[in-house]
Amino acid sequence: MELHDLWFVVIAVLWTGYFFLEGFDFGIGVLTKLLARDRPERRVLINTIGPVWDGNEVWLLSAAGATFAAFPEWYATLFSGFYLPLLAILICLIVRGVAFEYRVKRSGERWQRNWEHALFWCSLLPAILWGVAFGNIVHGVEIDADKEYVGGLLDLLNPYALLGGAVTLSLFTFHGAVFAALKTTGEIRYRARSCATWLGLLATGLAAAFLLWTQADQGKGSSLAVLIVALLALAVAVGAIRAGREGWSFAFSGLAIVATVAVFFLVLFPAVMPSSLDEKWSLTVSNASSSPYTLRLMSWCALIATPLVLLYQSWTYWVFRKRIGTQHLADSAH
Amino acid sequence: MDLALAPETLSRWQFGITTVYHFLFVPLTISLASLTAGLETAWVRTGKEKYLRATMFWGKLFLINIAMGVVTGIVQEFQFGMNWSDYSRFVGDVFGAPLAFEALIAFFFESTFIGLWIFGWDKLPKRIHVACMWMVALGTILSAYFILAANSWMQHPVGYRLDKGSGRAELTDFWLVLTQNTALAQAFHTLAAAFLTGGAFMVGIAAFHLRRGKHVPVMRTSLRLGLITVVIAGLLTAVSGDLLGKVMFKQQPMKMAAAEALWDGEKPAPFSVFAYGDVDKGHNSVAVQIPGVLSFLAHDDFSSYVPGINDVNKAEQERFGPGDYRPTIPVAYWGFRWMIGFGMTSFALGALGLWLTRKKFLLPRRLRTGEEEVPRLVLLRAPLGARLSRWYWRLAVWTLAFPLIAGSWGWIFTEMGRQPWVVYGLFQTRDAVSPGVSQGEVILSMTVFTLLYAVLAVIEVRLLIKYVKAGPPELTEDDLHPPTRIGGGHGDGDGDAQQDRPMAFSY
């Protein structure tokens, strides 16, 4: 295995980490309107991710930064090519981050309600758009000989990619509902369970359609195996939440996300952004990567930093392991 | 092509707007993290309530501020690829590495430990709680260092070679990129200025309350801490600015000549106090100068030669081919002056304040004030009159944002002074822009960012004012008795009582 292959794996791991962690953050954001019945319940949901959402989001920054360093051509083509969708994601992440921090800073009804709307929409939209983006990456987009994206915005909104968006949205919301059941106490916990059950069924159906379409189009032996893992994991996760085994369900909904992202990257390899115009214009691990020196340097950094990050982020989850219910909420506005 | 119509112009405006805006929050975040951690450490060590109240007060303002810093920072990570894709292709091998290091090492630190700090008051023993804020502070400083090393490479590229096949810059010595004198001087200068900013912020807000005689014990402590920070950081900012200037005279003579509107080289070279001139003809029509001082700034003596804008332009034309290698002179000239002017005013007011509020040294016993009193402002041996005192407090409040203005101009000067280069001597800004992104798309994104940022600025400032006016919080029994076990509780069998207690902080 060459270094750029290793870095393909590292980028895949960073995206997987991002979708696993911010997946349930986005899900919780969507559930504030889907599951919560009143403001205290919305606050319970938001507080399950309160201490951790910011750290989870850094996985995205790491994925982007590592792509810049390890595959500059990929970074350049992807970010300039998907200009408007990424702009929308950026706006959402900005508003969402501020919404978390500022919502409680005033007690006015309008103030709180507006931030709650913002939180919902700015969780929903990125959850869809990341699926659309990855659908397009996997499917291939119009890249010319200069490695530039030459398609338009509407080309990105094709049925396959939109289905991808529906998959990430349903998968993240399911994952979020399981997380909510795992982290809350009281009545909302039980409603989260039943909500998770039907969300899980929806996610399973959509994921099956999308992954089988992917497999039929561009599949390989390895992607088929992982696809089966993804669908089985979803089935187990749904079964577990029905049986009230929240921890197991969360592990398996997480595994389903891991496996789905793995299918994306397995189908892609060795390309990182296939061209739909001409195969020889595709960006691949070898023609998009940095020099061996930079990759070696980055490998040391990732080798030391990533386990440490996992260690102290896990510790955070352990510190805040207690379930949250409406009785635990401090007074609003402080 | 006329710069106003060039394809890169809009992207430059967007980068300028989003980056200057982002950098309003960065210096405050860097300095307030350390200052808050310092105050909390004082609480842990002494057990004095005023330190805990100060920690909570400044911590809250810090959080309102860092939230904006974090979210506007995401844009930075994306827009190199979005708007400057050809730049990203050219420099990714070199420039991407410090950015990735920053994310993997510094951002994770900051964001994880800030979550622990915000929600950890009733979950962590106080020593671990304060350690979290120190980790955040360390994260902010590391983050600053990596990004400044990356920027320094754009100012003075080192440790790379140009690949013949692809024409890209490739990294050959990362250590050199991290430790070249440009990076060291720039990090020193930027971090010192960040603490000047936080110090002035603290002084201004403490002065606001002290003028009204409110929250005196907390604000008196904050005032002293702020004043000392302003004076030390202000001195270091000046020293490091001088160092950085000398580095720049060597590495980018054009930037420094533009900063002084020095059109033709002189020996000895004068420092310009005021100049007005004609950019096309290349001379000043009005110039007020102090002889020899520019030579001193550049080379530590009052007689040596400093090349002018026209000389450097000619030299660069010979080296890089025909073209205009001059930045926008008035922006460089005035940016340099606003940076120094606002920064030094803030430092001077801080030094004055530190002298006026001195305690034991040289102060007659009868003029000393207790910890619970508003400090008396004493110029020599008699206190200032009521009117003059009020004026000092007012000035302190009004000038709290001076270092922020200085910092913004500092960046505008250093980035615009480097033009037309994006990487000095290697790669020009006009070649850096994304060829596939249309002008319409950039107009849209720039409009959206500008409007959103304007709205958020209003919200942020209003929140800051609200929490400044509210003053430090009253302490509860729980605040004074933080848990002794990780996860909460005191380990004395109060487990059941703990179960349904409200969280110390919740969103």
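Predicted model: local features only at pLDDT ≥ 70, side-chain atom pairs only at ≥ 80, totals over all residues.
Colleague: In what order do the elements of chain A run from the N terminus on?
Modeller: Helices (H or I, at least four residues) and strands (E, at least two) are taken as DSSP runs and numbered from the N terminus. Chain A has 12 helices and 2 strands. From the N terminus on, the order is α-α-α-α-α-α-α-α-α-α-α-β-β-α.

Colleague: How far apart are the end C-alpha atoms of residues 6–36 of chain A?
Modeller: An unreviewed UniProt entry lists several spans of chain A as "transmembrane region", among them 6–36 and 248–273; such positions are given in the numbering used here, feature names are shortened, and annotations may be inferred rather than shown by experiment. Residues 248–273 of chain A are 81% helix and 12% strand, with ends 35 Å apart. Residues 6–36 of chain A are 94% helix and 0% strand, and their end C-alpha atoms are separated by 43 Å.

Colleague: Which helix of chain B gives the largest share of the side that touches chain A?
Modeller: Counting two residues as in contact if their C-beta atoms, placed from the backbone, lie within 7 Å, the contact takes 63 residues from chain B and 63 residues from chain A. On the chain B side, helix 2 (49–83), helix 3 (85–119), strand 2 (169–171) and helix 14 (439–470) each supply at least two residues. The largest share, 23 residues, comes from helix 3 of chain B.

Colleague: Where in chain A does the cis peptide bond from Phe269(A) to Pro270(A) place its proline?
Modeller: Most peptide bonds are trans. The bond from Phe269(A) to Pro270(A) is instead cis, with omega near 5°. Pro270(A) sits in the loop between helix 11 (246–268) and strand 1 (271–273) of chain A.

Colleague: Is His215(B), with its positive phi, buried or exposed?
Modeller: His215(B) has a phi of about 50° although it is not a glycine, and its place is the loop between helix 6 (181–211) and helix 7 (216–251) of chain B. A residue is buried if 20 or more other C-beta atoms, placed from the backbone, lie within 10 Å of its own, exposed if 12 or fewer, and partly exposed in between. His215(B) has 20 other C-beta atoms within 10 Å, so the class is buried.

Colleague: How many other C-beta atoms lie within 10 Å of Ala261(B)?
Modeller: Ala261(B) also has a positive phi, of about 45°, although it is not a glycine. Ala261(B) is found in the loop between helix 8 and strand 3 of chain B. Ala261(B) is buried, and the number of other C-beta atoms within 10 Å is 24.

Terms used. Residues numbered from 1 in each chain as written. Chains lettered and ligands numbered in written order.
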